[in-house]
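Hi,

Here is the structure I promised to pass on. My notes on it follow below.

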Amino acid sequence: MPASDRSCPPGRGIPFGLDSKDKPTHVTQVKPGHTYRCPSCKWPLSAVLNTTGRRQHFRHRKGAECSNAYEASLHKAAEQIIEESSEILLPAVVARHGHRSWSITDKPGKFQYDGARLEVQMDGIVPDVVLREASVAKSSASAARELLVEIFVTHRTEQRKIDLIRERRLPTIEINLSKTPRFVTADEFKQSVLYGPKRKWLFNNAIHNAEAALREEAEKSFGGIGASLNDAYEVDFIPVQNRWEQDIKDARVEDLVGTHVPGDRCFTVAPGIWQSAILSRFLRSPDRSRFDAEATLDWLDHEGLLKPVFRRLLGEIDRDLLAHVRAVVPGFRHPLKVVEDYAGQMVLYGLVPRSKSTSGSSHSEPTELAEERARRIREMYYWRLRVAEVEEVFKAIQAEAKNGPIMNWEFWLDTFQVTLSGTPRSRISGREVGFRELMNYLEALRQMLKPNTEVPTAGLLGLPLEPERDAREAERRGREAAERARVAAEIERRRQAAEQARLDREAEQRARGEAEESRVAAEREAAAVPKPRHRVGRKRTLRERVAQVRDRLSEAIRFLNPWS
């Protein structure tokens, strides 16, 4: 990372200036009558000498400003010092991997050189200085070696440049001059450049080989986790359905999902999905006064959104293991850090209250935005349940009705209905009483589709159910006509039965009258016949006399009643 900007304020505090030959000159070495220029902007400088209470320095003349003068002056002076010298201190050769180190040389060495080239183009690399090893320092059998030197004043060596140096295995050191005092003397600065302790290897072949051995040993001891993590980073995201998408739409936080967070390839799904899951969980949680990153990461793992190999890094973790992973996995970031970074975006958005730690136990009041979005999720959840309930009945009607294919669900939801005094959507999103009334209307219409059922008095609610309504009306008229015919037939049957009963009664009365008349006539006839004085023939028995009387009565009845 870049060091803090130490460039001097415009117009003052520059220790070195360029003379007429573009040679950096310390302010204490100026010559009267000579002109000195800024190493950065090339504008003339004024030397401030023998000022009471102040140190000597160059400054820009009035009206000139340059923000890079301090950095450029130190950089140019350091290059000149190295170019004019023949020896420079080398850093100690120590290989490090995680918390382990391997000292190849106990003390810093010195590199003797007999040639220095400044800012040479080397196939895409422009080192500050290239030093050639002195003839007296190398063996006769080997070619002269070169050492690259990078000078760090306000900005460290770019990572791209370091990668190319390591790829080409070029021995390179970096001299750190970022802490150089603003009013440094010439001797102090020279000593710092050539022999100061703040220097390190950007590449050293011995260190490279030793660190490779340390990495291999650590990789074996940790079960090959480095290779597993590297392979996991290469695995593409799984294309799955976003189960939390509806909550994001309900809360209207779509612009907070799908953002790239460095290290997010530790998850099995794309950023839009795992971020939707985090937002949904947070807005649905009863406690929105803080964001617990560790609990959230555990939940993501439980939901299957974290790649399995990263589970080993959850909870308490060995520091040596974590250091090894950071060394062997390029661009590695702990999944917890990824979640915390996304929580930082939630803080900036206004969903999570600001606190010192997103994973600690500190509490604060939930933000108004979080409460409002959580309320919207709850309301939309219950609204969707109502919509699903209404849509189920609507689709059942659509499937059974003759005009079902022409029914449009979305259009019907927003169509004004006189019976409802509004639209079906307003009833769905309104009070429970109105919603239940709508459901009763629809259930009545669904029942109307069945034969021999009643037509609802509330009407058709804008649905094209006219054929079913007309059929039910025809069935009703048919039932009414059949009922009228049944009643008329029953009345006629009862009239005929009453008439027949009357005729039967009259016939019976006539028969009884005629029988009575026959009996009376028989009695009269019997009374008129004289009784014989003497009995002739055999004497009849009582049974024979009774039978004779019965036969006579029967003849009389048949004679008087022809219907018998």
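Arg160 and Glu167 are exposed, on the face of α2 turned away from its buried side. Exposed means over 50% relative accessible area, buried under 20%, and partly exposed in between (1.4 Å probe, protein chains only). Helix α2 spans residues 159–168, and its residues Lys161, Ile162, Leu164 and Ile165 are buried. They lie on the same side of α2 because they cover an arc of only 160° around the axis, taken from the directions from the helix axis to the C-beta atoms. The buried residues of α2 pack against β11 (146–152), β12 and β13. Contact means heavy atoms within 4.5 Å. Just after α2, Arg169 has a positive phi of about 55°.

This is a predicted model, where local features need pLDDT of at least 70 and side-chain atom pairs pLDDT 80 or more, while totals for chains, interfaces and linings use all residues. Numbering runs from 1 along each chain as its sequence is written, and side-chain values use heavy atoms, without hydrogens and water.

Now the sheet. It is open, with six strands in the order β6-β9-β10-β11-β12-β13 and mixed pairing. Its edge strands are β6 (87–89) and β13 (199–203), each pairing on one side only. Helices (H or I, at least four residues) and strands (E, at least two) are DSSP runs, numbered from the N terminus. Pairing takes at least two DSSP bridges. β12 (residues 172–176) and β13 are antiparallel over four bridges. Thr172 stands opposite Phe203 in β13.

Best wishes
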